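Here is a short tour for anyone who likes to look at a fold with numbers in hand. Please keep the viewer open while you read.

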Amino acid sequence: MYSQNLSVLVVERHVILRDALCAAIASEPDLAVAGQVADSLAAMRIAAAIQPDIILLALENPLLDMPVIQSLRGMLPEALILVLTNSEMLGEEQAALQNGAHAVVSKTATYSDLFSTLRALCQN
């Protein structure tokens, strides 16, 4: 289902965090940054064109981002959506999963945890 190098679309509004995520992803031998955007609406515009294996979506506004998760799933049913969240609130995590995210990882997690989650999703 997935190529040897998994392509990742990074969606994070904070430039310094987006750059750090992209650098960390690029340092992994089996991952490649397919694109990077600042918000979920931009992700919808670019995702269809680049067809990433994984969409790493930083949840910023749950009211706006939940419908975007649903739309991305409809546009790219093969893509895996991993949501990064600032919140430790179980409700946001459950809402993201109910709206089509494959996994949720807190921004307090380590890169190792993030990459382990990505790889586990791809193996299932």
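Does Phe115 count as buried or exposed? At 4% relative accessibility, Phe115 counts as buried. Please bear in mind that this is a predicted model.

## The overall fold

Let us start with the whole chain. Its secondary structure comes to five helices and five strands, and from the N terminus on the elements run β-α-β-α-β-α-β-α-β-α. The radius of gyration is 13 Å, close to the 14 Å that the globule rule gives for 124 residues, so the chain is as compact as a globular protein of that length.

Taken along the principal axes, the C-alpha atoms fill a box of roughly 35 × 30 × 30 Å. Of the 124 residues, 44% count as buried. Among contacts with a separation of 6 or more, 68% come from residues 24 or more positions apart.

## Where H1 meets H5

Two packed helices are described by the angle between their axes and the distance between the axes. Helix H1 covers residues 15–26 and helix H5 residues 111–123; their axes come within 11 Å and cross at roughly 65 degrees. The crossing of H1 with H5 is right-handed.

On the H1 side, the residues that meet H5 are Ala20, Leu21, Ala24 and Ile25, and their partners in H5 are Tyr111, Leu114 and Phe115. By class, this contact has seven nonpolar residues, with no polar and no charged ones.

How many aromatic pairs does a search of the whole structure find? The search finds one. Tyr111 and Phe115 form this pair, and it is stacked, with 6.0 Å from centre to centre and 15 degrees between the planes. Both residues lie in helix H5, four residues apart, which is about one turn of the helix.

The two partners fall into separate accessibility classes. Tyr111 counts as partly exposed because its relative accessibility is 39%, between the cut-offs of 20% and 50%. Phe115, at 4%, counts as buried.

Met66 has its place in helix H3, which spans residues 62–75. With a relative accessibility of 9%, Met66 counts as buried because buried means under 20%.

Which residues does Met66 touch, leaving aside those up to four places away in sequence? They are Leu59, Glu92, Ala95, Ala96 and Asn99.

Conventions: Residues are numbered from 1 along each chain as its sequence is written. This is a predicted model: local features need pLDDT of at least 70, side-chain atom pairs count only at pLDDT 80 or more; totals for chains, interfaces and linings use all residues. Side-chain values use heavy atoms; hydrogens and water are left out. Axes are lines fitted to C-alpha atoms, for helices over the stretch in contact, and angles run from 0 to 180 degrees between N-to-C directions. Helices (H or I, at least four residues) and strands (E, at least two) are DSSP runs, numbered from the N terminus. A crossing is left-handed if the near helix is turned anticlockwise from the far one by less than a right angle, and right-handed if clockwise. Contact means heavy atoms within 4.5 Å. Ala, Val, Leu, Ile, Met, Phe, Trp, Tyr, Cys and Pro count as nonpolar, Asp, Glu, Lys and Arg as charged, and the others, Gly among them, as polar. Buried means under 20% relative accessible area, exposed over 50%, partly exposed in between (1.4 Å probe, protein chains only). Rings of Phe, Tyr and Trp (its six-membered ring) pair if their centres lie within 6.5 Å; planes under 30 degrees apart count as stacked, over 60 as edge-to-face and the rest as tilted. The radius of gyration is taken over C-alpha atoms; the globule rule is 2.2 Å times the number of residues to the power 0.38.
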